[in-house]
Amino acid sequence: MAVDTFAGVDIIIHNAGWVGYQGIEDTDREFLSRALDVNVQAPTWLCKHAWPYLKRSDAARVVLTTSDRAMYQQYAQPGLLAYAAGKMAQLGIMNALGMEGREHGILVNAVSPVAKTRMWGVTEAPVELKPEWVTPGVLYLASAACRDSGYVLRASNGQFTATRFSENPGVDYPRSLARVAASSVEDVARLWEQIKEG
């Protein structure tokens, strides 16, 4: 066990992954449960048991793994409902644990990697989208040099961009979204283009 060997835990990286394709009409309980076990249950229990040690660490970091297939509609694929649900859940876990860990200095971020691995059915070394090209970003998120929490580091082909969900300016949550007022379904329909501009 890491605690016995290293006398503590400073870093948790949840990088487990499983992808399977099953259309919504064919989705069964076992298939959905497997995806949620890997992407919701596993990081939750992993962090639960590591949390007491992370709270005592001077540089506690948690790195979760999400996917562009879940975050962006244009990259979604038919049959990936279970996978996308689990990977999107990682963002909720990131945000919740980031807030819970704030007072203890525990920073929680996620990586959204694009790499040719066994999950893609790739068995030979790829010439592009190499998994090792994601590594510098993950190492940064797990390091003491990282001072941010709540970011998704998108990593692809040795390139990186950090993103996060941000609220519109002027919002007084939950009473005012500081946006377009509508009091009926007709108003929403009439103002839909403005509402989408968000």
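**Entry 1: the model.** I am working from a predicted model.

**Entry 2: helix H4.** I looked up H4 at residues 81-101. This helix has 21 residues. From its first C-alpha to its last it reaches 30 Å, close to the 30 Å expected at 1.5 Å a residue. Next I listed its buried residues. They are Ala82, Tyr83, Ala84, Gly86, Lys87, Gln90, Leu91, Ile93, Met94, Leu97, Gly98 and Gly101. I then asked what covers them. The cover includes helices H2 (29-54) and H3 (68-71). It also includes strands E2 (61-65), E3 (107-114) and E4 (152-156).

**Entry 3: helix H2.** I turned to H2, part of the cover on H4. H2 has a kink of about 45 degrees, centred on Asp37. At the start of H2, I checked Asp28. One of its side-chain oxygens comes to within 3.2 Å of the backbone nitrogen of Glu30. The buried residues of H2 are Phe31, Ala35, Val38, Asn39, Pro43, Cys47, Ala50, Trp51 and Leu54. Their cover includes strand E1 (11-13), E2 and H4.

Entry 4: I followed E3 and E4, both part of the cover on H4. E3 and E4 run parallel, joined by five bridges. Val114 has Ser156 in E4 as its bridge partner. I stayed on Ser156 and found its partner in E5, Gln159. E4 and E5 (residues 159-163) run antiparallel, and five bridges join them. They form a hairpin with two residues between the strands. I looked at the turn last. Asn157 there has a positive phi of about 60 degrees.

Terms used: Residues numbered from 1 in each chain as written. Predicted model: local features only at pLDDT ≥ 70, side-chain atom pairs only at ≥ 80, totals over all residues. Heavy atoms only, no water. Helix = DSSP H or I, 4+ residues; strand = E, 2+ residues; numbered from the N terminus. Expected span 1.5 Å × (residues − 1). Buried < 20%, exposed > 50% of the residue type's maximum accessible area, 1.4 Å probe, protein only. Contact = heavy atoms within 4.5 Å. Pairing = 2+ DSSP bridges. Bend = angle between axes of the 7 residues up to and from the residue. Polar contact = N/O pair within 3.5 Å; in protein donor to acceptor, adjacent residues only side chain to side chain.
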